[in-house]
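Please work through the exercises below with the sequence and the model at hand.

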Amino acid sequence: MSAIPSARNVVSLLEKWSPQHLAMEGDPVGLMLGTLDKPVKNVLVTLDVTEAVVAEAVEQDADLIISHHPLLFMPLREVDTSTPKGRVIQQCLQHDITVYAAHTNLDIAPGGVNDWLADEMGIKETKIVVPTKKDHLYKLVAFVPEEDADQVRRALGDAGAGHIGDYSHCTFNSEGTGTFIPGDETDPHIGNRGESTYVAEKKIETVVPDSIRAHVLDVLSRVHPYEEPAYDLYPLELESEFFGLGRIGTLASSMKLDTFASSLKEVFNVEGLRVVGDLGQNVQTIAVIGGDGSKYWPQALAAGADVLVTGDVKFHTAQDAEAAGLALVDPGHHIESIMKQALAARLGKDTQASGYQLKITASAVDTEPFTFL
């Protein structure tokens, strides 16, 4: 039976693979406006939160807007409802619309914006261009009654614990006896208040990356049969996955720079783009960084890129990259709008798998401010 989720439930599914702590320092991600503690039936996914997007949300009776670009990028000194920003806030509050932003954490997350951009361009065997964070590992040890061990073990694995290389749901299990005395105010799953209790338990050991630690512990607390889930958690010296901005990989075959750049007009549905470099040179190793990523051109060059695809390229940055031998293609910042359909589809799949009754829509509003003449 389907259940109506809260905004927090929906955000938890998103942050399971795109947690806030992946965001670049100082980037305002997370709750922008409203509350996460309310039921939601309609979610609108957008690149930007403009007056037109809020009007679309109102028309669709949306309870929650998930945007890529933060609504409140800079601290507010006032909310002047005679300004566009003030009217956006006023309309959201008036119609009880919560606004949540997943920005650079969604750029960096595996399977996020930069991977979607790379996939659209046909880039294979991708790696990170700019490493930003290493994920540390924890050892989780849960003590579970034997008859509940399979359920808990499966839930921990489904939540992402126990991933080692290409193997999932990895655990080590041993048997023992748990002992406890339930207090006067308890409602024990096994045993009686005030009596020594001995339970045949399984000791389930597994590894948990820091990025999903909170989610895994939340799952454990919900599936563990004890009133007070019994577990230990301690850090390991091992490191898990690297995270970072941008992706670099190769095309199936090399092509002239002008052919590659022209193909991006169709891929990203843009009327024009800017190219830096010899249009007749062959390119095959491609780096892409969504948004304003041109300042990372040295890292792209050092990683072996023939060309960097990114937005908002400045004049002197273009000169420096060209002089160093790196071609640039600037199709605009707005190509990140690819996230609307991709994130709506991912969230739709995740909420359906969780048994939630929810409509998720990609915004149809075009927030591209530029026109090519």
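The model is predicted: local features need pLDDT of at least 70, side-chain atom pairs count only at pLDDT 80 or more, and totals for chains, interfaces and linings use all residues. Residues are numbered from 1 along each chain as its sequence is written, and side-chain values use heavy atoms, with hydrogens and water left out.

**Exercise 1.** Determine how Trp17 and Trp116 are arranged as an aromatic pair, and where they lie.

Solution. Rings of Phe, Tyr and Trp (its six-membered ring) pair if their centres lie within 6.5 Å; planes under 30 degrees apart count as stacked, over 60 as edge-to-face and the rest as tilted. The structure holds two aromatic pairs. In the pair of Trp17 and Trp116, the centres are 6.3 Å apart and the planes stand at 70°, an edge-to-face arrangement. Helices (H or I, at least four residues) and strands (E, at least two) are DSSP runs, numbered from the N terminus. Trp17 belongs to helix H1 (residues 7–17) and Trp116 to helix H5 (residues 113–121), so the pair links parts of the chain 99 residues apart.

Next comes accessibility: buried means under 20% relative accessible area, exposed over 50%, partly exposed in between (1.4 Å probe, protein chains only). Trp17, at 10%, is buried, and Trp116, at 13%, is buried as well.

**Exercise 2.** Classify the pair of Phe180 and Tyr226 and state the accessibility of each residue.

Solution. The ring centres of Phe180 and Tyr226 are 5.6 Å apart with planes at 70°, so this pair is edge-to-face. Phe180 is in strand S6 (residues 172–180), while Tyr226 is in the loop between helix H7 (213–223) and strand S8 (230–256). Phe180 is partly exposed at 27%, whereas Tyr226 is buried at 10%.

**Exercise 3.** Which charged ends sit over the rings of Tyr138 and Trp17?

Solution. A charge sits over a ring if NZ of Lys or CZ of Arg is within 6 Å of the ring centre and within 35 degrees of the ring normal. Over Tyr138 sits the charged end of Arg213, 4.5 Å from the ring centre. Over Trp17 sits that of Arg346, at 4.1 Å.

**Exercise 4.** Why is H5 described as largely enclosed?

Solution. Seven of its nine residues are buried, so the rest of the structure largely encloses H5. Among them is Asp115, with a relative accessibility of 14%. Leaving aside neighbours within four places in sequence, Asp115 is in contact (heavy atoms within 4.5 Å) with Ala109, Pro110, Thr126 and Arg247. Just after H5, Gly122 has a positive phi of about 80°.
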